[in-house]
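Please keep the sequence and the 3D view at hand while reading.

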Number of protein chains: 2
Amino acid sequence: MNDKFLSISRRTRSTPFTSRVEASGVKAYSVYNHMLLPTEFVNFEDDYWHLCEHVQVWDVSAERQVEIKGPDAMRLAQLMTPRDISSTQDLQGKYAPLCNEHGGIINDPIMIRHSAERWWLSIADSDVKLWAQGLATGFGLNVEVFEPDVTPLAVQGPKAEELVARLFGESVRDIRFFRGEMLKFQGQVMYVARSGWSKQGGFEIYLNNASLGEALWDKLFELGKDLNVRAGCPNSIERLESGLLSLGNDFDDSNNPFECGLDQYIKLDADIESLSLPALRKLAGQHKKQLMGLFFNQKITIRQPNLTVDGQFVGELTSQCWSPRYRKQLAFAMMNRDYLENHSTIEIEGQIAQISDLHFSVEALIQRGE
Amino acid sequence: MNDKFLSISRRTRSTPFTSRVEASGVKAYSVYNHMLLPTEFVNFEDDYWHLCEHVQVWDVSAERQVEIKGPDAMRLAQLMTPRDISSTQDLQGKYAPLCNEHGGIINDPIMIRHSAERWWLSIADSDVKLWAQGLATGFGLNVEVFEPDVTPLAVQGPKAEELVARLFGESVRDIRFFRGEMLKFQGQVMYVARSGWSKQGGFEIYLNNASLGEALWDKLFELGKDLNVRAGCPNSIERLESGLLSLGNDFDDSNNPFECGLDQYIKLDADIESLSLPALRKLAGQHKKQLMGLFFNQKITIRQPNLTVDGQFVGELTSQCWSPRYRKQLAFAMMNRDYLENHSTIEIEGQIAQISDLHFSVEALIQRGE
């Protein structure tokens, strides 16, 4: 926790849940997509343990939706990503990097198909709407691109399914990962999906009527009292333990999907019209950097993001936290592949870090004795 | 000042000046273009008086540059704005709303021409780079669009010219408003313009080498000691008194330039290729809302942005502050023009506000006895 305040104004938009977030004792925010994103309630560590054991309600309104609507919606959506989304079903979401024609990552949303002519991009922190609008204008596509009145409220943690079932009914238990249903709250039909920015399980309720925000929040707290429900937020400890990436922290548009370990989402021979695929075909295997996980047995706060060995730059730290569960310092770093060829450790500020692949599971590493 | 902390991470980018801003006792930040923007040092009011009387150094790195470079740079720049920029000279800046084909305002940068083939858009808080890239891709333009290593440092206040002359030489005194020169600091040539987001006068130094940030800051403080130089930042009191608009606070892409009183920048019969001009020709005079200034003789904090009279919505508050100089509460509001036709005041929370046009000068209003 630093000790600087956030100046809040109309530009750092509040959400339909802000009054409840404040009443729940939020201590800190970030600004994400020009909107308040809560980041801390009790403290990172206490928030972390509670998330892993109980159920939390997260105001993730800042996870804005970019709606693409019209006859050319499917075409524009596919142009934006190298992932083949042609087989996506209605109400299904797919994690998909958006890439420009150089292969640089613009954003990494969940792309949710409502119908072939109506998509939502549930975005990380960059103005995808502007990119999509620019492409639509330039290519002369028959689509509208806009930000609808949709503010996701996430319910996360091991008891999330129970709480969401109490609210929307038992059918939610049958929703598979990244699938959703249109469900009703106070007469309003909204998209509810099994998704969320943690690996503790849970749902996201895509509230589509801001005036119901406080009622939805209050209902979840009323129904979840015996489940020990609390206000929460994406938690950096849980995120690093789970290997979840963050645009702007771990990568940006100077990086391509191969550098970020997102190869699995790209079929180079896919027969799709995607802006980035031609560039990515050339880049495949040629990338010089790779996002990796580091872990230390000691608590250490790395002050200098540039990592050097014998005075040579070998990588850049992108995220770090102390894991109270594993008693290890975890970090992500964009490492030179040259270095990785011959090294599985790196010394930073006098401490040795193990280097693992990005999708490291701390538990697996510990079991392997690393 | 609210009491919520800002969570700072790599995503909320720090600047070449952050170490000095922190050492100068910054109390609060906003996040602007994914970057830290200082908002308060001593307190708003003290910062305000000092700005109006002395000279301040502002870290406005968050005022990012979008560089458009290549044979089609001029064409793309003009497509993005309805303002005729064809006569812009090298090293001249022009304030210009960027509008989409519906006339909605995407941003309101200073567009700086380095040459016909190289423009900088010195932007407010939205990812103009993505819009420009989308347009360039869609239209197949021969340009590169990127964010260069440029971090403006503003020197603002009545003694700013003296301080900048001490640093760069007497020639800066001849630079006219929104004009600039290429000047040298420690051997590095950079753009220095008479501009800045206050009406207290001053310059912006477009540092183009991040490694010189601390040296540039320190030199200004060394040279400005007897001028009572201090660290500062865009000040909301000064901004409202001066009638300066803020994207995201006072308007967004749901607004057009007429609603914002920016008519003067648009010649409807200009013979230019601009995406928005066809729509704006139809919108001219048809707009239903108008951004206006409000002022109260009493201190009042308006809690509800929606302004109603007899239960009818008549406008929306966008910004407000207490002016310690005029002992008046100032506000901007997007008002229904229907209401404005018959009213020059509005009662809000039991207090009467005078309504003035946007470019109100509090001094002028007081002289007119309003």
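In the hairpin formed by β2(A) and β3(A), 2 residues lie between the strands, and A:Asn33 takes a positive phi near 50 degrees. The model is a predicted one.

**The hairpin of chain A**

- β2(A) and β3(A) pair in the antiparallel sense, over 5 bridges.
- Within this pairing, A:Val31 has A:Leu36 of β3(A) as its bridge partner.
- Is β2(A) largely enclosed by the rest of the structure, or largely open? Of its 5 residues, 5 are buried, so β2(A) is largely enclosed by the rest of the structure.
- The burial applies to both faces of β2(A): A:Ala28, A:Ser30 and A:Tyr32 are buried on one side, and A:Tyr29 and A:Val31 are buried on the other.

**Strand pairing across the chains**

- β2(A) is also joined to a strand of the other chain: 2 bridges link it to β1(B), residues 5-6, and the two strands run parallel.
- In that pairing A:Ala28 stands opposite B:Phe5 of β1(B).
- There is also a pairing between β1(A) and β2(B), residues 28-32, which is parallel and has 2 bridges.
- Here A:Phe5 has B:Ala28 in β2(B) as its bridge partner.

**How the two chains are related**

**The interface**

- How many residues of each chain are in contact with the other chain? In chain A there are 41 residues in contact with 41 residues of chain B.
- On the chain A side, at least two residues each come from β1 (5-6), β2 (28-32), β3 (35-40), α4 (128-139) and β19 (312-323).
- The element that gives the most to this side is α4(A), with 9 residues.
- By residue type, the side of chain A that touches chain B has 15 nonpolar, 18 polar and 8 charged residues.

**A residue with contacts in both chains**

- A:Arg11 lies in the loop between β1 and α1 (18-23) of chain A.
- A:Arg11 has 22 C-beta neighbours inside 10 Å; the cut-off for a buried residue is 20 or more, so A:Arg11 counts as buried.
- Apart from residues up to four places away in sequence, A:Arg11 touches A:His34 in its own chain, and B:Asp125, B:Ser246, B:Gly248 and B:Asn249 in chain B.
- A:Arg11 and A:Leu36 are 25 residues apart in sequence, with 9.6 Å between their C-alpha atoms.

**A six-stranded sheet in chain A**

- Chain A has an open sheet of 6 strands in the order β18-β19-β20-β17-β22-β21, with antiparallel pairing.
- Its edge strands are β18 (306-309) and β21 (345-348), each of which pairs on one side only.
- From one strand to the next, the twist averages 40 degrees.
- β19(A) and β20(A), residues 328-336, are paired in the antiparallel sense over 8 bridges.
- In β20(A), A:Phe332 stands opposite A:Ser319.

**Other residues with positive phi**

- A:Gln186 is a residue other than glycine with a positive phi, near 50 degrees.
- A:Gln186 is found in the loop between β13 (180-185) and β14 (188-193) of chain A, and with 10 C-beta neighbours inside 10 Å it counts as exposed.
- B:Glu349, again not a glycine, has a positive phi near 50 degrees.
- B:Glu349 lies in the loop between β21 (345-348) and β22 (351-356) of chain B, and with 13 other C-beta atoms within 10 Å it is partly exposed.

**A strand residue in chain B**

- B:Arg118 is in strand β10 of chain B, residues 118-122.
- Is B:Arg118 buried or partly exposed? It has 18 other C-beta atoms within 10 Å and is partly exposed.
- Leaving aside neighbours within four places in sequence, B:Arg118 is in contact with B:Lys69 and B:Ala73.
- B:Ala73 is 45 residues from B:Arg118 along the chain, and their C-alpha atoms are separated by 6.2 Å.

How values were computed: Residues numbered from 1 in each chain as written. Chains lettered and ligands numbered in written order. Predicted model: local features only at pLDDT ≥ 70, side-chain atom pairs only at ≥ 80, totals over all residues. Helix = DSSP H or I, 4+ residues; strand = E, 2+ residues; numbered from the N terminus. Buried ≥ 20, exposed ≤ 12 C-beta atoms within 10 Å, placed from the backbone. Contact = placed C-beta atoms within 7 Å. Nonpolar A, V, L, I, M, F, W, Y, C, P; charged D, E, K, R; others polar. Pairing = 2+ DSSP bridges. Axes fitted to C-alpha atoms, helices over the stretch in contact; angles between N-to-C directions.
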